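I opened this structure to see how its parts meet. These are my notes, in the order I looked things up.

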Amino acid sequence: MKSYIMQSIRLTLVLTVLLCVIYPVIIAFGGKFSKGNGGGETVTVNGKVVGYANIGQKFDGPRYFWSRPSAVGYNAAGSAGSNKGPSNPDYLKDVNSRIDTLLKYHPYLKRSDIPADLVTASGSGLDPDLSPAAAQIQVRRIAANRKLDEKQVAQLVESHIQKPLLGLFGPATVNVLQLNIALDQLSK
Amino acid sequence: MNTELLGILASFLITLLIAIPLGKYLAKMFAGEKVWTDFLKPLEKGIYKLSGINPNAPMDWKQFLKAMMTINILWLVYGFFVLMFQDKLPLNPDGNPGQTPDLAFNTIISFVVNCNLQHYSGESGVTYFTQHFIVMFLQFTSAATGIAAAVALFKAFRDKTTQNVGNFWDFFVKSITRLLLPLSVIVALVLAFNGTPSSYAGKDQFISMQGDTVNVSRGPAAQMIAIKHLGTNGGGWFGANSAHPLENPSYFTNMVEIVSQMIIPIAMILAFGYFIRRKKLGWVICGVMTVGMLMLMIPTISSELGGSPAIAKMGVSQVTGAMEGKEVRFGPMATAYWSTLTTIVSTGSVNGMHDSTMPLTGAWQLLGMMINGFFGGCGVGILNYFVYLIIAVFISGLMVGRTPEFFGHKVEAREVKIAALITLLSPFLIMAGTALSSYLFVAHGNADWAVKPSAWLNNPGFHGFSEMLYEFTSSNANNGSGFEGLGDNNIFWNVATGFILILGRFLPIIGPVAIAGLLGQKKYVPESAGTLRIDTVTFGIMTFAVILVLNALSYFPALALGPLAEYFSMIK
């Protein structure tokens, strides 16, 4: 029994060096050669960092494509979903009021035009994407607010739809940050 | 066929393509036969030498379990103090505080037992030091502990009669050097090159396009996310786990992560068959488990794709299914696929929030963890299934009127007693825990505690009950996922689940290893025409029936009070 204790202590020390120092440092070194040098990929406009490529940010102004509702207000210091259950009456009220807000700013929409992802909070609270439909229904509002041709904005959305992986696997998405950057450039 | 369906079919196919050769490799490697990774022998020799270990010393099942428990208890004690004083240790760029004693108690247990319940949030509850030196360290070693215990069981049945179940240190170290570490290096690099941070830089700050100042938590996450999946641990770097866009940046990384968490559990089942020279047994068990998996997965996918009935009533379009708590880049199908796998293989990582899934999905998630033997966690999956096998052998023996046998070893009262106790343990821990918390919630809701019981739940009604049931089920299964709306970082939940975690881990390891050790010592009785063969499809179906009956009897009432009641209240 005593020998097990000594062996346990020594083995723990040896493995700590292998697993907690050597292994992560090797990966950190390898990661230096990735986009963003291991610190996460950032997006720059005119030499200024405006966000992280993979992290969603809050867009709720009239001139931008809105991002999804978030339980953490897109504060990337933390991350969380709403954890509201499907039958929770308070939660259902929230969803209803989000629908009302959407209809208020997009009076041309019917309820059945609104895709669920635009009125529900994401799992991380930092979802960078929208479904193509969720971006498309906002086109008319943005065209009106920016005095742009509706077709032009619709085309912009179309060109920002990211196809499924290899064209085969998973859903199509639209990255909201990329889309809004392109939108600003279009307006110039 | 749509791209979401293709995505999960491809994921499963890739899993099998990797797991099958991996299973053969593991059987050979643990048996000490020549394999291509033998070039790592000098590394292992070095580890043994520095640790004063003789990897060739035979151990009987008692010595094996003693060695295993000694090192596990050491980690418990050491980790508890490190977590409490992490604020005074280096590598804390974000200045996070030390953990409270009850949180440290819960955290250290949950990582030692391969559960990763995480009553804290990764961004603020731990430091880079503890993320690596405690959390990630234990993600390797707890998985290796489980695998080593499973190999001891294999070893007991390889030879006709044996006292020796193999050397714990040998299996344990090899699980790391020959399996977990090399695979982790590959997966971590793949993640690092696909958007997951891997450097030690602390929080970053930027000003968003709308002018908000945003802080971004980062850190060496890729390293940990690799082993969190390969070792079926599940504990995330970030609070939102694999739903977080840095922890799981794309559909591609999602496929990598979901494949990673399945390959070792499947490979271990096949390795069992190869190791004891009964290849067919591995395949039969795998078949039973796959059927079980599909029975949970298909209704899960269907209930998520169907969307929320309450939101349907509001008239919005749910063509993409239920989206609350889900990420657009994965979509509901890959999220449903993940939620089934993470609950059956005891990973407990999530790529969408389980608390917000549909009521029936919640029922399937719970059932997956209650059964806890369809593939199951690293190593412990086969141990759990072995207990079901013993019960099935015993019941079949009674039905045909013969002494039950397991590969030429008579299964007698002692072994069956152990198996029965282990089987009863899970429902006892889950039900007793849920009953206690429900009682406190109802009768002492306003007790003068730091967090009043009445403030525990994030959702009212049946769903609130499900939150408590889920927490105890997840703890007992060493799963680690949660209905995270539950306010669980307080003394009651930290302590109650801490005890359940430890009992739900070690008794179901000790039990099967003891049974295997006892059986392995017995005189070998050659198989004859009258022997009930257990590597047949018929016996596979028998085991499946035993699993269904046992779990239905144990858990139906609890499921009826939680998710089923919620379901019927929503569709009325």
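**Entry 1: the interface**

I began with chain B and chain A, which bury about 7,800 Å² between them, 66% of it on carbon and sulfur atoms. Buried area here is the accessible area (1.4 Å probe) that two parts lose on being put together, summed over both. I noted that the model is predicted: local features need pLDDT of at least 70, side-chain atom pairs count only at pLDDT 80 or more, and totals for chains, interfaces and linings use all residues. Residues are numbered from 1 along each chain as its sequence is written, chains are lettered from A and ligands numbered from 1 in the order in which they are written, and side-chain values use heavy atoms, with hydrogens and water left out.

Which residues take part? I found 101 residues from chain B and 95 residues from chain A in the contact (contact means heavy atoms within 4.5 Å).

I then looked up polar contacts between chain B and chain A and got 45 residue pairs, both at pLDDT 80 or more. A polar contact is a pair of N or O atoms within 3.5 Å; within protein, one must be able to donate a hydrogen and the other to accept it, and residues adjacent in sequence count only if both atoms are side-chain atoms.

On the side of chain B that touches chain A, helix α7 (residues 168–192) of chain B gives the largest share, 10 residues. Helices (H or I, at least four residues) and strands (E, at least two) are DSSP runs, numbered from the N terminus. That side of chain B divides into 53 nonpolar, 32 polar and 16 charged residues.

**Entry 2: salt bridges**

How many salt bridges cross the interface of chain B and chain A? The rule finds zero. It asks for a side-chain nitrogen of Lys or Arg within 4 Å of a carboxyl oxygen of Asp or Glu. Over all chains, the structure holds 18.

I looked at Asp38(B) and Arg178(B), whose closest N and O atoms are 3.2 Å apart in a salt bridge. Asp38(B) sits in the loop between α1 (3–30) and α2 (41–51) of chain B, Arg178(B) in helix α7 of chain B, 140 residues apart. Arg178(B) is buried, with a relative accessible area of 4%. Buried means under 20% relative accessible area, exposed over 50%, partly exposed in between (1.4 Å probe, protein chains only).

Next came Glu415(B) and Lys522(B), which meet at 2.7 Å, N to O, in a salt bridge. Glu415(B) is buried at 3% relative accessibility, and Lys522(B) is buried at 18%.

I also found a network of salt bridges linking Arg278(B), Glu527(B), Arg533(B) and Asp535(B).

**Entry 3: Gln99(B)**

Is Gln99(B) buried or exposed? I read a relative accessible area of 5%, so Gln99(B) is buried. Gln99(B) lies in the loop between α3 (61–84) and α4 (101–112) of chain B. The side chains of Gln99(B) and Thr107(B) are joined by a polar contact of 3.1 Å. The side chain of Gln99(B) also reaches the backbone oxygen of Gly125(B) at 3.2 Å.

How values were computed: Ala, Val, Leu, Ile, Met, Phe, Trp, Tyr, Cys and Pro count as nonpolar, Asp, Glu, Lys and Arg as charged, and the others, Gly among them, as polar.
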